[in-house]
Amino acid sequence: MKTDIELMGLLELARETAVSAGNLIRQKWSQPKEIKSKGFRDVVTDTDIAAQKLITDAIQIKFPAHGFLTEEDDSDLPTDGPVIWVIDPVDGTTNFSREIPTFCISIAAVSAENEVLAGAIYDPMRDELFSAALGQGATLNGQPVHVSSIDELGDAVIALDWSRSADLRQSVLDVLDQFAHQVNTVRAFGSAALALAWVGVGRVDGYVNFQLKPWDLAAASVIISEAGGKLSDLAGQQWGYSPNASGCVAGNGRFHLTFNN
Ligand code: IPD
Ligand code: CA
Ligand code: CA
């Protein structure tokens, strides 16, 4: 159990490092990029790597005993510790690589008991910092935020993102076929963490994704719960942090988005 002071220390570091990485990413935004493939429909840029290093260096200076789970491989980082920092240095790399200005940095501090203690999601193109710590509420640029009050599915704006693999992409299409006619409208932004942060501030009312990694979800999970929303797995159970991949359904908790997958 962390004290409020310890939680606020973790939150402050998550916020500071997210903004520092965002400043670097903004400088690199319109410069030529080194873009490499790292899998099917999956790219990484030199900026992803540089931003991650900036974040992990800053955390190691402050908390040398802490561990890491990062999207980009770095064999120099310890994986164990009393707190694990779960980091996506650029969530929405495809957007970033094409100068589509919708991506973010996602940083969370997770306890040894798999509890997400604090998280920050920073959108450098809009200078928006979404963050939360357990029991402390969620904020956007320091101001308290809450999920939307939309309670009819027919009024809901739902975001989703396209999975990479052929079978999961088909599942997205099948699910879309089930609910697209029932909701107000559907969006696909291409940055899961940012879309989830937008659920937390009520810009969108729900979000669905069939396969995400812990670094896409960890920071968003505490922001959504502290903002009064709900984050579930695809079976409808409350999402809990684990170092494995998982799908998610997020929402304001006031309407039910149901589908078979
Ligand atoms: C991706 C984005 C995308 C989601 C993918 C993620 P990346 O993250 O969040 O919206 O649909 O599943 O992998 O690779 O840009 O960090
Ligand atoms: Ca990601
Ligand atoms: Ca990423």
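A: Begin with pairing: two strands pair if DSSP finds at least two bridges between them. Strands (E, at least two residues) and helices (H or I, at least four) are DSSP runs, numbered from the N terminus. This is a predicted model, in which local features need pLDDT of at least 70 and side-chain atom pairs count only at pLDDT 80 or more, while totals for chains, interfaces and linings use all residues. Residues are numbered from 1 along each chain as its sequence is written, chains are lettered from A and ligands numbered from 1 in the order in which they are written, and side-chain values use heavy atoms, with hydrogens and water left out.

Q: How many bridges join strand S3 to S4, and which residue of S4 stands opposite Thr70?

A: Strands of a sheet pair through backbone hydrogen bonds, either parallel or antiparallel. Strand S3 (residues 67-70) and S4 run parallel, joined by 4 bridges. Opposite Thr70 stands Ile87 in S4.

Q: What joins S4 to strand S5?

A: S4 and strand S5 (residues 104-111) run antiparallel and are joined by 7 bridges. Ala109 in S5 is the bridge partner of Trp85.

Q: Is strand S4 mostly covered or uncovered?

A: Buried means under 20% relative accessible area, exposed over 50%, and partly exposed in between (1.4 Å probe, protein chains only). In strand S4 (residues 83-91), 9 of 9 residues are buried, and the strand is mostly covered.

Q: At what angle do helix H1 and helix H2 pack?

A: Axes are lines fitted to C-alpha atoms, for helices over the stretch in contact, and angles run from 0 to 180 degrees between N-to-C directions. Helix H1 (residues 4-28) packs against helix H2 (residues 46-62) at about 150°, with the axes 9 Å apart. H1 is therefore roughly antiparallel to H2; angles under 35 degrees count as roughly parallel, over 145 as roughly antiparallel, 65 to 115 as roughly perpendicular and the rest as oblique.

Q: Which residues make the contact of H1 with H2?

A: Contact means heavy atoms within 4.5 Å. The residues include Leu13, Thr17 and Leu24 of H1, and Ala50, Leu54 and Lys62 of H2.

Q: In what order do the strands of the open sheet lie?

A: The 5 strands follow the order S11-S10-S12-S14-S13, with mixed pairing. Strand S11 (185-187) and strand S13 (230-232) are the edge strands, each pairing on one side only. From one strand to the next, the twist averages 20°. S13 pairs with strand S14 (residues 246-251) in the antiparallel sense over 3 bridges, and Leu231 stands opposite Ala250 in S14.
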